Every structure is written in C-alpha cells, then in structure tokens.
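Subject: Handover of a protein structure and the findings from it

Dear colleague,

Please find below the structure that I am handing over to you.

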Amino acid sequence: VITTADETIVKDNYMLTISTVEKIIKPASDLITSKYNYKDADTYENYKQFFGNKIPFTTDKVVFTYKGIVSVGIDLSEVKYDINNKNETISIKLPEIEIKSNEIDDSSFEYPFESDSVFNTTGMSDFTELLATLKEKKEEEAKSDTEFMDTARQNTETVLEDFLTASDVTKDYTIIFE
C-alpha cells in the first residue's frame, strides 16, 4: 500500500506521512552535491572591421587565465516520494541534476599578455559579454562530463539517504531511488 500526502500510518506511537519525510529532507530549497573546479586560459580579441576584414592597428588582445567553480545539485521541492508502509520502503524520484551556480573568481584573473590599440577601446560591456561566454563554456563542459554528473547524482542519493536514515521516524525504512 502506497500512501499519499493525506494518508498516515500509526506504528510504535508515531505517524509517518509524505509531509513528515519532506520536513526531514527540505531544510533548504537547493541541495548542492558536487562542485566542478576549473582553471583555464583564453584569449580575448577586440578589433574594428571594414567589409568583414580586420583593420590593421585596431586590435586589442589579451591572453588571460582564470579560475571558477560550477556547483550542481537538485531543487529539493521537485523531489517526489512514495511511502510503502507495509514493506517499510520510501521510493524517491529525483529531478535532473542541474547547474545551481557558476562563479568565476575575479581575483584569479592573470594577464600574461596584453596588447592595446590606440584606435580601438574595449569597454565594460565587452568584459561582461566575455564573462558570460566563459561561464557558458564551463557550464557546458561540466554538463558533458558524464563521470562528474554521475558522481553528483550518486552524492545526491547518498545525502538524501543519510538524512532519512538519521531520523528516528524513518531509520527503519529502506530507501529506493527510481
């Protein structure tokens, strides 16, 4: 028998409901289970063009290195639970692992090579666009790293199972991930 959110069971003087399980699991809205640390080098060029051709002496060029962290996890409000009180099991359906944050450490930027043109200026909008591009590149890199994403999912399952087996109310239940 699988219970719904409105159903309860009484066993050894306690009642177990899906809302009770959710109270154990949802101390925060997001659960970060893995971090993808990166360090990379890149080149940024900004130049003027005339009919699709680069105009000489108008190129700003910077070679730089930087560091950052992509954090992945799940939104705990999207986790679904089914309780089978007869078999003492809690089935958990997890949402997809997703990028929760991506932070580039501004202080990590190093510039081993810079070349400025007097005929061209690189503005803050160029830098903002560059940061967005770098973040997007690293997020795609993290998502395509199947070993990293599999580890993140395993970490998620371990954390949720640890939460539930540490609680007196659910410690005797077997946790099943779907």
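A nonpolar core is a set of buried Ala, Val, Leu, Ile, Met, Phe, Trp, Tyr and Cys residues joined through side-chain atoms within 4.5 Å. Buried means under 20% relative accessible area, exposed means over 50%, and partly exposed lies in between (1.4 Å probe, protein chains only).

The model is a predicted one: local features need pLDDT of at least 70 and side-chain atom pairs count only at pLDDT 80 or more, while totals for chains, interfaces and linings use all residues. Residues are numbered from 1 along each chain as its sequence is written, and side-chain values use heavy atoms, with hydrogens and water left out.

Overall view

The protein chain holds 3 helices and 12 strands. These are DSSP runs numbered from the N terminus, with helices (H or I) of at least four residues and strands (E) of at least two. Of the 178 residues in the protein chain, 37% are buried. The accessible surface comes to about 11,000 Å², and carbon and sulfur atoms account for 49% of that surface; such areas come from the Shrake-Rupley method with a 1.4 Å probe, and for residues only the protein chains shown count as cover. A contact means heavy atoms within 4.5 Å. Among contacts between residues at least 6 apart in sequence, 76% join residues at least 24 apart.

The nonpolar core

In soluble globular proteins, nonpolar side chains tend to be buried together. Which residues touch the most other members of the largest nonpolar core? They are Phe64, Val72, Ile74, Ile92 and Leu134, in a core of 34 residues. The elements that give two or more residues to this core are β4, β7 (60-75), β8 (80-84), β9, β10 (98-104), α2, α3 (146-166) and β12. Strand β7 supplies the largest share, 6 residues. Leaving aside residues up to four places away in sequence, Leu134 touches Asp42, Phe64, Tyr66, Ile104 and Phe109.

Strands β9 and β12

In a regular strand the side chains alternate between the two faces of the sheet. Strand β12 (residues 174-177) has Ile175 and Phe177 on its covered face, and Thr174 and Ile176 on its uncovered face. Strand β9 (residues 89-93) runs parallel to β12 and is joined to β12 by 4 bridges; two strands pair if DSSP finds at least two bridges between them. Ile90 stands opposite Ile175 of β12.

Aromatic pairs

Rings of Phe, Tyr and Trp (its six-membered ring) pair if their centres lie within 6.5 Å; planes under 30 degrees apart count as stacked, over 60 as edge-to-face and the rest as tilted. By this rule there are 3 aromatic pairs. The rings of Tyr36 and Phe148 have centres 5.2 Å apart and planes at 65°, so this pair is edge-to-face. Because Tyr36 lies in strand β4 and Phe148 in helix α3, the pair ties together parts that are 112 residues apart in sequence. Tyr36 and Phe148 are both buried. The rings of Phe64 and Tyr66 have centres 5.9 Å apart and planes at 40°, so their pair is tilted. Phe64 is buried at a relative accessible area of 2%, and Tyr66 is buried at 0%. Ring pairs also link Tyr38, Phe64 and Tyr66 into a cluster.

Salt bridges

Side chains of opposite charge can pair when their charged atoms come close. A salt bridge is a side-chain nitrogen of Lys or Arg within 4 Å of a carboxyl oxygen of Asp or Glu. How many salt bridges are there by this rule? The count comes to 8. One of them joins the side chains of Lys137 and Asp40 (3.8 Å, N to O). This pair links distant parts of the chain, with Lys137 in helix α2 (residues 124-144) and Asp40 in strand β4 (residues 30-46), 97 residues apart. Lys137 is partly exposed, at 37% relative accessible area, and Asp40 is partly exposed at 21%.

Glu141 and Lys138 form a salt bridge as well (3.2 Å, N to O). Both lie in helix α2, 3 residues apart, which is about one turn of the helix. Salt bridges link Asp40, Asp42, Lys137, Lys138 and Glu141 into a network.

Yours sincerely,
A colleague
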